[in-house]
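Here is a short briefing on one protein model. Please look over the fold before reading the points below.

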Amino acid sequence: MDTRIKTNDYTLTPEAQAHLDERIAAIEKSLNGSAAEARLEVEVGRAQNSKHGDVWSAEMNLILEGKSLRADVKAETVNAAIDGAKDEIVRQFRKQRQFHRRMLRRGGSIIKGLTRFGRDS
């Protein structure tokens with residue numbers, strides 16, 4: 001998986017980098033075999049226009065097979081923002097995958113019904 005990391009108004013510490021690498025590995029694992037052609041763009045930093053002190057933002061864009069999934073999470077810590085963005089990306093990917101499976105099964109069911117109808121006549 002092609003991974004691109006960008007930081008805004010923040011230098012990534014080794015601890016935060018290790019945490020981010022773990023979350024990226026978890027995303028790769030959930031992609032199964034389609035991770036080779038995927039691209040993940042990660043943007044981490046302080047949230048812009050924050051009125052509540054230190055608020056961190058993590059944005060992830062997953063581009064896979066011409067489709068894009070996007071997660072933008074704001075939290076009180078960098079690690080919490082990264083975790084939230086990872087969870088949202090994985091949730092969206094699973095939802096999309098389940099939708100495609102459901103449509104495939106529905107189409108197969110319709111075709112099977114049509115072929116059975118033709119035999120009875």
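Contact here means heavy atoms within 4.5 Å. By that rule, Gln-92 touches Leu-69 and Arg-70, leaving out residues up to four places away in sequence. The model is predicted. The points below go through the strands, the helices, the aromatic pair and the loops.

**Strand pairing**

- E1 and E2 pair in the parallel sense, over seven bridges. In this pairing, Thr-3 stands opposite Leu-40 of E2.
- The chain goes from E1 through H1 to E2. This β-α-β crossover is left-handed.
- E2 and E3 run antiparallel and are joined by eight bridges. Here Leu-40 stands opposite Leu-62 of E3.
- Leu-64 has Lys-67 in E4 as its bridge partner.
- Eight of the nine residues of E3 are buried, so the strand is largely enclosed by the rest of the structure.

**Helix H1**

- H1 covers residues 14–31, which is 18 residues. At 1.5 Å a residue, the helix should span 26 Å, and its end C-alpha atoms are 26 Å apart, so the two values agree.
- Its buried residues are Ala-16, His-19, Leu-20, Ile-24, Ile-27, Ser-30 and Leu-31. Seen down the helix axis, they fall within an arc of 135 degrees, so they line one face of H1.
- The face turned away from that buried side carries the exposed residues Pro-14, Glu-15 and Lys-29.
- Just after H1, Asn-32 takes a positive phi of about 60 degrees.

- Ser-30 lies in helix H1. Its relative accessible area is 15%. Buried means under 20%, so Ser-30 counts as buried.
- What does Ser-30 contact, leaving aside its neighbours within four places in sequence? Ser-30 is in contact with Val-90, Phe-93 and Arg-97.
- Gln-92 is found in helix H2, which covers residues 78–120. With a relative accessible area of 18%, Gln-92 is buried too.
- The contacts of Gln-92 include Leu-69. Strand E4 covers residues 67–75.

**The aromatic pair**

- A pair of aromatic rings is described by the distance of the centres and the angle of the planes.
- The structure holds one aromatic pair. Tyr-10 and Trp-56 form this pair, with 5.0 Å centre to centre and 70 degrees between the planes. The arrangement is edge-to-face.
- Tyr-10 lies in the loop between E1 and H1, and Trp-56 lies in strand E3. The pair therefore ties together parts that are 46 residues apart in sequence.
- Are the two partners buried or exposed? Tyr-10 counts as buried at 16% relative accessibility. Trp-56 counts as buried at 10%.

**Loop residues**

- Asp-9 is found in the loop between strand E1 (2–8) and H1. Asp-9 is not a glycine, yet it has a positive phi of about 55 degrees. Its relative accessible area is 61%, so Asp-9 is exposed.
- Glu-65 sits in the loop between E3 and E4. The hairpin of these strands has two residues between them, and Glu-65 takes a positive phi near 55 degrees there. Glu-65 is not a glycine either. With a relative accessible area of 62%, Glu-65 is exposed.
- Val-55 is found in the loop between strand E2 (39–46) and strand E3 (56–64). In contrast to the exposed Glu-65, Val-55 is buried, at a relative accessible area of 19%.
- How far apart in space are Val-55 and Glu-76, C-alpha to C-alpha? They are 5.1 Å apart, although 21 residues separate them in sequence.

Notes: Residues are numbered from 1 along each chain as its sequence is written. This is a predicted model: local features need pLDDT of at least 70, side-chain atom pairs count only at pLDDT 80 or more; totals for chains, interfaces and linings use all residues. Side-chain values use heavy atoms; hydrogens and water are left out. Helices (H or I, at least four residues) and strands (E, at least two) are DSSP runs, numbered from the N terminus. The expected span of a helix is 1.5 Å times one less than its number of residues. Buried means under 20% relative accessible area, exposed over 50%, partly exposed in between (1.4 Å probe, protein chains only). The arc is that of the directions from the helix axis to the C-beta atoms. Two strands pair if DSSP finds at least two bridges between them. A crossover is right-handed if, with the strands pointing away from the viewer, the path from the first strand over the helix to the second runs clockwise. Rings of Phe, Tyr and Trp (its six-membered ring) pair if their centres lie within 6.5 Å; planes under 30 degrees apart count as stacked, over 60 as edge-to-face and the rest as tilted.
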